[in-house]
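I opened a new notebook page to record what I look up here.

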Amino acid sequence: MTRNRDVCRRAAAALAVTLALTGLPDRPQAHAATGPAVTGPAVRPDRAAPGRVYVANLHSDTVSVVDPRTGTVTDTVPVGDAPDSVAVSPDGARVYVTNSAADTVSVIDTRTMTVTGTVAVGREPSRVTVSPDNRKVYVSNVASGEVSVISTRTRTVTDTIAVGGAPLGLAVTPDSRTLYVADAGSDEVAVIRTADGTVTGTLPAGGGPTALALAPDGRHLYVSNLTTDDVSVLDLRRGTETARVPVGDQPAGIGVRPDGRRVYVADLGSDTVSVIDPRAGTVTDTVPVGDTPNGLAVAPDGSRVHVADFGSDTLSVIDTRTATTLRTVPVGSGPTGVATTPHP
């Protein structure tokens, strides 16, 4: 398949986040869900240990597996066409990857580091997350304006929830009962009851809401707004936006430290990561990283922040104690999404 290498995806409602980032190739016809897609080596128990970072490489159709202790790539897993985002199951056993040009999700077994299944979803799947109870995978399909719900047990789509606009970032509450979806087409966050897939309301946000991060206490939701260069702070009990924090140019990926004291935002237009003190509502540090930082993930212990540098084909690793970049790791071509292995 011929790939379009322009760094400009088809705009959904003229703004969606990495749509300004990642040129989508011509899309193939979606296929039905399949079983095992790749055969691989025998199980490697030593590689099942926690502490890995997974990076989706949009232009090389792979996922890089990085050991954060050594800063080296330990595995490279071929997946579908134009992988855009990645999520790890709560038990660390599976990695789910959205293949944005193939309209599928690849399922990686983290013990064998092979793709063991492929699930057909909506058009241009852009974000993925797994519920804390490990029962469902949620996929936002930016071109079809819907969220696909995948059963982790059967690996089939069990529900399709219409959101409209351009759904992107996803966040699930700790009790797995509520799903939040950033809609870049309406400048709102949709609130979905997961029991029956009902959209129960919307929350206000800034321009082009792109990524979501839920505070550890479950009370606040942080939203990166691509076109207004700020982060919305939403009070989930009141259903209101309580603050807007100006950050760098075109904020994309966002994450919260486990203690809730810092929020990190990848500013793809200014090649930095903004560090926010949520209590003060101010940026306390600005950390230079690679070119066009996009996806961002905070380590489970809060000691590191991992940033996918789309334009420089690297993963930047930030020390949260000093707010400095510790190392830069070469990965695949066009890294977009990044996720870390949760605590065992």
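**Entry 1: the whole chain.** Before I count anything, I need one cut-off: a residue is called buried when its relative accessible area is under 20%, exposed when over 50%, and partly exposed in between. I also note that this is a predicted model. With that cut-off, 57% of the 344 residues of the chain count as buried. I looked up the secondary structure next and found zero helices and 28 strands. The accessible surface comes to about 13,000 Å², and 48% of that belongs to carbon and sulfur atoms. I also checked how far apart contacting residues are in the sequence. Among contacts with a separation of 6 or more, 44% are between residues 24 or more positions apart.

**Entry 2: the sheet S8 to S11.** Strands in a sheet pair through backbone hydrogen bonds, parallel or antiparallel. Which way does the pairing go in the open sheet S8-S9-S10-S11? It is antiparallel, and four strands form this sheet. Strand S8 (125-130) and strand S11 (157-162) are at the edges with a single partner strand each, so one side of each has no neighbour in the sheet. On average, neighbouring strands here are turned by 20 degrees against each other, direction ignored. I then zoomed in on S8 and strand S9 (residues 136-141), which five bridges join. In one of the pairs I looked up, Pro125 has Asn141 in S9 as its bridge partner.

**Entry 3: the sheet S16 to S19.** I found another open sheet of four strands, in the order S16-S17-S18-S19, and its pairing is antiparallel. Its edge strands are strand S16 (209-214) and strand S19 (240-246), each pairing on one side only. The twist from one strand to the next averages 25 degrees. Strand S18 (residues 230-235) and S19 pair over six bridges. Val231 has Val245 in S19 as its bridge partner. S18 and S19 form a hairpin with four residues between the strands, and Gly239 takes a positive phi near 70 degrees in it.

**Entry 4: the nonpolar core.** In soluble globular proteins, nonpolar side chains tend to be buried together. I went looking for the largest nonpolar core here and found 14 residues in it. Which members touch the most others? They are Tyr54, Val86, Val95, Val97 and Ile108. Strand S1 (53-57), strand S2 (62-67), strand S4 (83-88) and strand S5 (94-99) each supply at least two residues of this core.

**Entry 5: His306.** His306 sits in strand S25 (residues 304-309). Is His306 buried or exposed? Its relative accessibility is 2%, so His306 counts as buried. Leaving out residues up to four places away in sequence, His306 touches residues including Val53, Pro68, Leu296, Leu315, Val317 and Val338.

**Entry 6: two loop threonines.** Thr173 lies in the loop between strand S12 (167-172) and strand S13 (178-183). Its relative accessible area is 10%, so Thr173 is buried. The side chain of Thr173 makes a polar contact of 2.6 Å with the side chain of Asp175. Beyond four places in sequence, Thr173 touches Pro132, Thr178, Tyr180 and Leu214.

Thr322 is in the loop between strand S26 (314-319) and strand S27 (324-330). At 34% relative accessibility, Thr322 counts as partly exposed. A polar contact of 2.7 Å joins its side chain to that of Thr324. From Thr322 to Ser303, I count 19 residues in sequence and 9.8 Å in space, C-alpha to C-alpha.

**Entry 7: positive phi values.** Most residues other than glycine have a negative phi. Ala323 is not a glycine, yet has a positive phi of about 55 degrees. Ala323 is in the loop between S26 and S27, and at 17% relative accessibility Ala323 counts as buried. Met113 has a positive phi too, near 55 degrees. Where is Met113? Met113 lies in the loop between strand S6 (104-109) and strand S7 (114-120). With a relative accessible area of 7%, Met113 is buried.

Conventions:
Residues are numbered from 1 along each chain as its sequence is written. This is a predicted model: local features need pLDDT of at least 70, side-chain atom pairs count only at pLDDT 80 or more; totals for chains, interfaces and linings use all residues. Side-chain values use heavy atoms; hydrogens and water are left out. Buried means under 20% relative accessible area, exposed over 50%, partly exposed in between (1.4 Å probe, protein chains only). A polar contact is a pair of N or O atoms within 3.5 Å; within protein, one must be able to donate a hydrogen and the other to accept it, and residues adjacent in sequence count only if both atoms are side-chain atoms. Two strands pair if DSSP finds at least two bridges between them. Axes are lines fitted to C-alpha atoms, for helices over the stretch in contact, and angles run from 0 to 180 degrees between N-to-C directions. A nonpolar core is a set of buried Ala, Val, Leu, Ile, Met, Phe, Trp, Tyr and Cys residues joined through side-chain atoms within 4.5 Å. Contact means heavy atoms within 4.5 Å. Accessible areas come from the Shrake-Rupley method with a 1.4 Å probe; for residues, only the protein chains shown count as cover.
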